[in-house]
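Work through the exercises below with the sequence and the model in view, and try each task before reading its solution.

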Number of protein chains: 2
Amino acid sequence: MNASHHRKFEEVTLRTEPIFQGKIISLQVDTVQLPNGATATREIVKHPGAVAVLALTDDGRMLVVEQYRKPLEKSQIEIPAGKLDAGEDPLDAAKRELEEETGYRCESLRHISSFYTSPGFADEILHLYASEQLSKGEANPDEDEFLELEAITLEQAQAYMREGRISDAKTVMAVYAWQLYKLTGSF
Amino acid sequence: MNASHHRKFEEVTLRTEPIFQGKIISLQVDTVQLPNGATATREIVKHPGAVAVLALTDDGRMLVVEQYRKPLEKSQIEIPAGKLDAGEDPLDAAKRELEEETGYRCESLRHISSFYTSPGFADEILHLYASEQLSKGEANPDEDEFLELEAITLEQAQAYMREGRISDAKTVMAVYAWQLYKLTGSF
């Protein structure tokens, strides 16, 4: 890749105003110089990054967990996922989160894709992996995390999507990737 | 859908601390009561919601725009997209953003999916549409928006994904949906 691609229409930071430093995210407002010399402000959420796992059981089901999502004020069914700890390798984080949230352990993971969830206002990147070799480990959710585990078929996943019970980017993406895997044999 | 699904593991708001009200997002910290009676805090970004369009030309290419993404400090190639105006219908917003960013107009759009980009800390929902009937309109980007239009094949899109030039949730999702459409004939 040509490095200059990265800089096209670059917005140069004139100043950064820190607004908030939380447990999970921080917020700042940058004043930037646009390519035409004008200035604008950008509201930017910083996030440590996250991992998620499309974990398929021996009988061809996907592991999902139901949990309450306060920003949405409703519960959602999602693939196992979580934030990166400071300095943690995404692959290690994926294995850790899978076991903590589901009680299943996996030895090998394949990388499906890494994507920015909302590049207009946040730097969060999510690393999505797949695993088909699961063994029994031990669930150990965070103390403020309440989860219900389920193993669902592709048809059930698609029904949950129609019902709005699955409707987050990483899980919809995982269902598409799973469907493509079934059709083409590769992720 | 059983409405009680929505409330599983509900976190009841004890108080809300407003932190920031910006042009695009706002931030608040909620103190919540967990299902076991303990309390926790939730950092919540509010966003007006967004739309994006998988727009396919007569010769089977996808319209994309390259733009600088300040939160990532690099430029990215993405499908046309934008925020909902207050009270705006997502379908109207999708048509408006497509024309503003690309200069192409579309009469009919099909809904592919709607998904929450980052349900752990934000309420942003993105409505993804597809269109295959494009006609020439007039580009009119926002005054602080600098864009470069390209029409790319599926193979080019996949190459851009490998190179990291396409790496945002909505565009990766659109590429998967396009691939599934080619394989199965439906979205």
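The model is predicted, so local features need pLDDT of at least 70 and side-chain atom pairs pLDDT 80 or more, while totals for chains, interfaces and linings use all residues. Residues are numbered from 1 along each chain as its sequence is written, chains are lettered from A in the order written, and side-chain values use heavy atoms without hydrogens or water.

**Exercise 1.** Determine how many aromatic pairs the structure holds over all chains, and classify them.

Solution. Rings of Phe, Tyr and Trp (its six-membered ring) pair if their centres lie within 6.5 Å, and planes under 30 degrees apart count as stacked, over 60 as edge-to-face and the rest as tilted. Over all chains there are two such pairs. In one, A:Tyr181 and A:Phe187 are stacked, at 4.2 Å centre to centre and 10° between the planes. The ring centres of B:Tyr181 and B:Phe187 lie 4.2 Å apart with the planes at 10°, so this pair is stacked.

**Exercise 2.** Decide whether B:Tyr181 is buried or exposed.

Solution. Buried means under 20% relative accessible area, exposed over 50%, and partly exposed in between (1.4 Å probe, protein chains only). With 19% relative accessibility, B:Tyr181 is buried, whereas B:Phe187, at 32%, is partly exposed.

**Exercise 3.** Find the ring over which the charged end of A:Lys136 sits.

Solution. The criterion requires NZ of Lys or CZ of Arg within 6 Å of the ring centre and within 35 degrees of the ring normal. The charged end of A:Lys136 sits over the ring of A:Tyr104, 4.4 Å from its centre.
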